[in-house]
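Work through the exercises below with the sequence and the model at hand. Each task is followed by a solution in steps.

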Amino acid sequence: VVIVVGGGGLIVDGGRVMIARRHASNIAEGAARAGVATATPMSGFVPSTARAAALQYAVRAGIDPSDVVIVVAPDHVSVTITERRSTVFLILGGRSTVTVRATGIARLAFSP
């Protein structure tokens with residue numbers, strides 16, 4: 001019974017962690033791209049506009065603003081998303097949630 005419950009926990013909770021990591025990664029990458037997309041060859045790259053666009057993207061995707069870290073550099077935007085998921089079987093071992101983080105980076109590039 002212990003082996004079956006342990007195997008079930010590994011499959012179910014491990015799957016939940018993988019799904020959370022992929023979800024956080026997709027949102028982080030999309031938010032970084034949204035930040036970089038605010039730049040144009042005419043207006044240039046405005047860090048405050050890039051930061052606002054990245055945060056807005058993450059919030060629209062359902063991420064709490066406190067779980068978003070945005071770093072705007074002169075040539076790229078980096079977004080880190082923290083996501084928490086409740087556990088199903090690991091709660092028996094005293095762990096009620098798992099936390100994953102994912103970072104997405106988009107580089108600024110203009111082509112003539």
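**Exercise 1.** Determine in which sense β1 and β2 pair, and over how many bridges.

*Solution.* Step 1: helices (H or I, at least four residues) and strands (E, at least two) are DSSP runs numbered from the N terminus, and two strands pair if DSSP finds at least two bridges between them. Step 2: β1 and β2 are antiparallel, with 5 bridges. Step 3: 3 residues separate the two strands, which form a hairpin. Step 4: within this pairing, Ile81 in β2 is the residue opposite Val68.

The model is predicted: local features need pLDDT of at least 70, side-chain atom pairs count only at pLDDT 80 or more, and totals for chains, interfaces and linings use all residues. Residues are numbered from 1 along each chain as its sequence is written, and side-chain values use heavy atoms, with hydrogens and water left out.

**Exercise 2.** Sort the side chains of β1 by face and by burial.

*Solution.* Step 1: buried means under 20% relative accessible area, exposed over 50%, and partly exposed in between (1.4 Å probe, protein chains only). Step 2: Val68, Ile70 and Val72 share one face and are buried. Step 4: for Ile70, contacts (heavy atoms within 4.5 Å) beyond four places in sequence are Arg51, Ala54, Leu55, Val77, Ser78 and Val79.

**Exercise 3.** List the salt bridges and state how accessible the partners are.

*Solution.* Step 1: a salt bridge is a side-chain nitrogen of Lys or Arg within 4 Å of a carboxyl oxygen of Asp or Glu; the count is 3. Step 2: Asp67 and Arg84 have their closest N and O atoms 2.9 Å apart. Asp67, in the loop between α2 and β1, is 17 residues from Arg84 in β2. Asp67 is buried at 15%, while Arg84 is partly exposed at 46%. Step 3: Asp75 and Arg107 meet at 3.9 Å, N to O. Asp75 lies in the loop between β1 and β2 and Arg107 in β3, so the pair ties together parts 32 residues apart in sequence. Step 4: Arg85 and Glu83 form a salt bridge at 2.6 Å; Arg85 is partly exposed at 21% and Glu83 buried at 8%.
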